[in-house]
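Reader: Before we go into particulars, could you take me through this model step by step, so that I can follow each answer in the viewer?

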Number of protein chains: 2
Amino acid sequence: MTATGADRTLALLEAQVGRTLAEVETPVAVIDLDRLEANLTELQAYADAHRLALWPHAKTHKSPEIGRRQLDLGAAGLTVAKTGEAQVFQEAGVTRLLVHYPPFGDAKWERLADLAAAGVELTVAVDSVEPAEGLARAFDRRGVSAELLVELDVGLHRTGQTTVAGAVEVAERLDRLPALAVAGISSYPGHCRRGDPDVAAKLRAVDGLLRETRDALDRAGLRCDRISGGSTPTRHLTHTTCVNELRAGTYALLDRNEADDERCALWIEATVVSNAVHGQVVVDGGSKTFTSDPYPDGGHGSVIGAPAAWFARVNEEHGYIDVSSLDEAPRLGDHLQIVPNHACGCINLHDGALAVRNGVVDHVIRIAGRGLVR
Amino acid sequence: MTATGADRTLALLEAQVGRTLAEVETPVAVIDLDRLEANLTELQAYADAHRLALWPHAKTHKSPEIGRRQLDLGAAGLTVAKTGEAQVFQEAGVTRLLVHYPPFGDAKWERLADLAAAGVELTVAVDSVEPAEGLARAFDRRGVSAELLVELDVGLHRTGQTTVAGAVEVAERLDRLPALAVAGISSYPGHCRRGDPDVAAKLRAVDGLLRETRDALDRAGLRCDRISGGSTPTRHLTHTTCVNELRAGTYALLDRNEADDERCALWIEATVVSNAVHGQVVVDGGSKTFTSDPYPDGGHGSVIGAPAAWFARVNEEHGYIDVSSLDEAPRLGDHLQIVPNHACGCINLHDGALAVRNGVVDHVIRIAGRGLVR
């Protein structure tokens, strides 16, 4: 059987261990261990200080190693978006998982029941009854159980019940299902972005809606002691709301959307492969290395140490860097280190990343949860 | 050792063989075999009719199976962007490869020399001397050879020498290197897009530049019998230019950028997972399934059979479909079939695709070249 791209990539990455970054093959995802540890420690300390249960969203890193680090620091469990991710983390020994995505179809229901049967304390967030009905059948048949959170739309207008009455109605129907117990509500304030001047007011509105829903569930005789919420941009304001379970993903790595370069633990090590067009260099990473995930200014990443370099455009394997404002342009063969716009999308393109300490490759972080499996 | 995401995905895909599309797990990439074969046959017939050597760009599909089909139909060889892709196709038995990307670094030079030593007739396109110097050392040491094409910038302003004099100077320096022989020039008319009213005029200008460069190389006593060019949007106009080797990639699958839905061989089978927000459904694929690759109208894909549905937005695992213009909205659990904006980027997210004939899964097409390996 043909080797997969993942097999080849991991073998190639393992060969880089012990090298300095200047010596590694490019393009490659690099994770700086000092920065990773600082990011993980900082949010856990915040959560501890405010008695919030931290449920890191593992979709950012899809990595058993980083998930393990988050749990060792005190996270209550991990959040995942896919049943396949849940399997990966269960196999890595994680015993408390929140699947924050409505599962549809027999295969997904059975897969989650398998995880519960293997001893995982599962929570599933849904905004309708249909996926939970299938889940209830599969769980009931195995004699296992899970908790449910009812998702509320608090402003992103993506998923979630849009009214308190709607949420209560769904919760009442969910609570009549076998094997599953409504334990609370969930929300994602994805309409609050970094630097948004209205973020405090927006979160007050979110908090009001969550409290109103909690009180309505109380009156209906339903449990609502778990209130899940949070996001990386709003993470340090979580304690100003009634949310008691903080979900955040990107905080582990950070990216151009969320932080200044010096705090970002993930970057792409890339090589200048062309300087034929005046005022420009082309690096060996484009949309298949960085993603096309947008940033408000239209740029595609931040060149570390060269803020005047402008990452103007990506094709699949080409990154166009406008260097016309630099005193000295990078030369052919030089490495550039580029922070991606969006860490979660970027990680999803890579089967592994080089874990680096003081500029030397320490080991390979396997991104075992990347790919299609839902 | 933990299984990779690719291993898990391929096992899951293999379990879908024999099912109808309505029964498959989603989200999943689907390739319709009838359409694929029609697309491949059509361009090979065009190339044959005009005595053009077809060098399909395998970056679109990264699949040994589809590459094999292209060669069996009469392609002269395959084009690749990465040395890792070249390895994948060599292992699949391909013996003529054009690496249309400047290779930098010992590892890449050695890898290409290995391929030549294994019997592959290699051509490499470069726009500078530096990568070829390393290549020459590696090839000379093994006693193997390769042909070079000098890349010209014909309007995209990405890579390629920007003047005839520059191209001749690079060619003269390349021709003095051991083990490598300049055989011609290469170009990519990426500035010509589908539906561009000026495309014929733009291609005349491209043709003029190519002829001028060819004549200058002739005068300098250098070989220029290989003139590589073409793209999917301009593929049927290639015979109006002096290009004699046609590179096109996307034509194999086609996508929203390049064709109407009914010719596109690739789509994503997705499931409606939420309808909580009025006038909208959310499907279980977002930027990690489709990419964020843009389309001029800002949409993210085309819902087959429902042109009034508007794929308005993607998050990582959520696709927002505005269904307010539909007479009947899709229901929870329904499948939608969605053509992505950009086939090449989409394929790069998936480790395999379901090959479908008449709506039934025939086998799994492995995307063995996906991933990081450059």
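Author: One definition comes before the rest: angles under 35 degrees count as roughly parallel, over 145 as roughly antiparallel, 65 to 115 as roughly perpendicular, and the rest as oblique. Please keep in mind that this is a predicted model.

Reader: Which term describes how H5(A) and H6(A) lie to each other?

Author: The axes of helix H5 (residues 106–117) and helix H6 (residues 130–142) of chain A come within 9 Å and cross at roughly 40 degrees. Angles under 35 degrees count as roughly parallel and those of 65 to 115 as roughly perpendicular, with the rest oblique. H5(A) and H6(A) are therefore oblique to each other.

Reader: How many nonpolar residues are in the contact of H5(A) with H6(A)?

Author: On the side of H5(A), the residues that meet H6(A) include A:Trp109, A:Leu112 and A:Ala113, while H6(A) contributes A:Leu135 and A:Phe139, among others. Besides one polar and three charged residues, the contact has nonpolar residues numbering eight.

Reader: Which strands do the buried residues of H3(A) pack against?

Author: In helix H3 (residues 64–72) of chain A, the buried residues include A:Pro64, A:Ile66 and A:Leu71. These buried residues pack against the helices H2 (33–49) and H4 of chain A, and also against the strands S3 (78–80) and S17 (360–366).

Reader: Which element gives the largest share of the side of chain A that touches chain B?

Author: The contact takes 66 residues from chain A and 66 residues from chain B. Elements of chain A that give two or more residues to this side include helix H4 (83–91), strand S10 (266–274) and helix H1 (5–14). The largest share, seven residues, comes from H1(A).

Note on methods. Residues are numbered from 1 along each chain as its sequence is written. Chains are lettered from A and ligands numbered from 1 in the order in which they are written. This is a predicted model: local features need pLDDT of at least 70, side-chain atom pairs count only at pLDDT 80 or more; totals for chains, interfaces and linings use all residues. Two residues are in contact if their C-beta atoms, placed from the backbone, lie within 7 Å. Helices (H or I, at least four residues) and strands (E, at least two) are DSSP runs, numbered from the N terminus. Axes are lines fitted to C-alpha atoms, for helices over the stretch in contact, and angles run from 0 to 180 degrees between N-to-C directions. Ala, Val, Leu, Ile, Met, Phe, Trp, Tyr, Cys and Pro count as nonpolar, Asp, Glu, Lys and Arg as charged, and the others, Gly among them, as polar. A residue is buried if 20 or more other C-beta atoms lie within 10 Å of its own, exposed if 12 or fewer, and partly exposed in between; C-beta atoms are placed from the backbone.
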